[in-house]
Amino acid sequence: MTYLKTRGIPVQRGCTLVQIPRSSYYFEPHGRDDTTLAKRLHEIAEKHDSYGAEKAYKEIRRSGEVVNIKRVERVWREEGLTRPRRRKKRRSGPKQDIAMKACYPGHVWTYDFMFDRLENGRRLKALTVIDEYTRECHTIAMSHGMKHTGVIERLDRLMNLHGAPDFLRSDNGSEFIAEKVRLWLEERKVRTIYIDPGKPWQNGFGESFNSRVRGEFLNKELFFTLHEAQVKADIWRRYYNTERIHGSIGDRPPSEYRKAWEESHRDLPPRRSTCTED
């Protein structure tokens with residue numbers, strides 16, 4: 001259009017020649033005020049320090065706000081909220097199927113131990129138990145040391161609260177393969193799944209959850225007493241279950257996902273013998 005104007009061609013005629021509406025020619029772009037969005041993104045980043053721009057966008061959309069993901073990504077970068085991406089380790093060799101994939105809530109639980117320390121150097125031992133289908137964490141039980149009797153006590157409490165799972169997955173730790181634990185699980189009619197030594201991918205859900213506990217909780221907290229460690233673990237577990245969204249379950253927190261499943265399956269028996277989803 002600038003060239004046509006230098007030739008003395010009127011704007012109306014020039015727009016016709018280059019096939020653009022006159023409104024586009026006269027349009028003057030105005031800068032968008034991103035103050036409110038930036039504030040919202042900072043709130044999300046502070047509350048969910050493991051989130052990136054994509055999860056922040058999904059969090060905003062879950063609240064009912066309409067916003068473009070490209071705008072969120074731009075403001076996220078401009079506000080300096082972008083964090084370095086962790087490179088995922090690629091496992092060599094053929095993929096291995098996970099034995100007994102969970103198909104409904106309470107179908108398969110997985111449990112494992114994690115370790116940390118108090119500020120005085122004393123060891124902490126944390127028993128984690130999750131439902132593989134809903135991704136809900138049933139407990140992060142902190143102790144200085146937990147043997148098979150402690151494992152039975154914790155499991156008994158959880159099964160009385162949530163109902164016994166059909167299967168319980170674990171590694172071959174001495175606390176999990178103890179004869180008393182096996183006999184007790186048989187009495188509760190819970191079948192066991194033990195992963196092969198040196199093959200952590202067979203317990204992918206447990207490994208994934210433990211990495212989040214380590215990266216988002218244990219590595220960011222200081223514990224001076226066992227009681228303090230348990231209180232903080234319970235707070236983080238509630239956040240994980242009720243607020244932190246998971247892409248693998250439809251960008252919802254685990255408790256919300258479970259409630260939606262229960263609502264859609266209210267007319268079915270609480271346990272089914274097959275893995276056929278309706």
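Reader: How many helices and strands does the secondary structure of the protein chain come to?
Author: The model is a predicted one. Its protein chain has secondary structure of both kinds, and the count comes to twelve helices and five strands.

Reader: What share of the residues in the protein chain is buried?
Author: The protein chain holds 278 residues. A residue counts as buried when its relative accessible area is under 20%. The buried residues make up 40%.

Reader: Why does V18 count as partly exposed?
Author: The class lies between buried, under 20% relative accessible area, and exposed, over 50%. V18 falls in that class because its relative accessibility is 38%.

Reader: Is R135 buried or exposed?
Author: R135 is found in the loop between strand 2 (123-131) and strand 3 (137-143). Its phi is near 70 degrees, a positive value in a residue other than glycine. The relative accessible area of R135 is 17%. The cut-off is under 20%, so R135 is buried.

Reader: Where does D251 lie, and what is its phi?
Author: D251 lies in a loop, with helix 11 (226-242) on one side and helix 12 (254-264) on the other. D251 is a residue other than glycine with a positive phi, near 55 degrees.

Note on methods
Residues numbered from 1 in each chain as written. Predicted model: local features only at pLDDT ≥ 70, side-chain atom pairs only at ≥ 80, totals over all residues. Heavy atoms only, no water. Buried < 20%, exposed > 50% of the residue type's maximum accessible area, 1.4 Å probe, protein only. Helix = DSSP H or I, 4+ residues; strand = E, 2+ residues; numbered from the N terminus.
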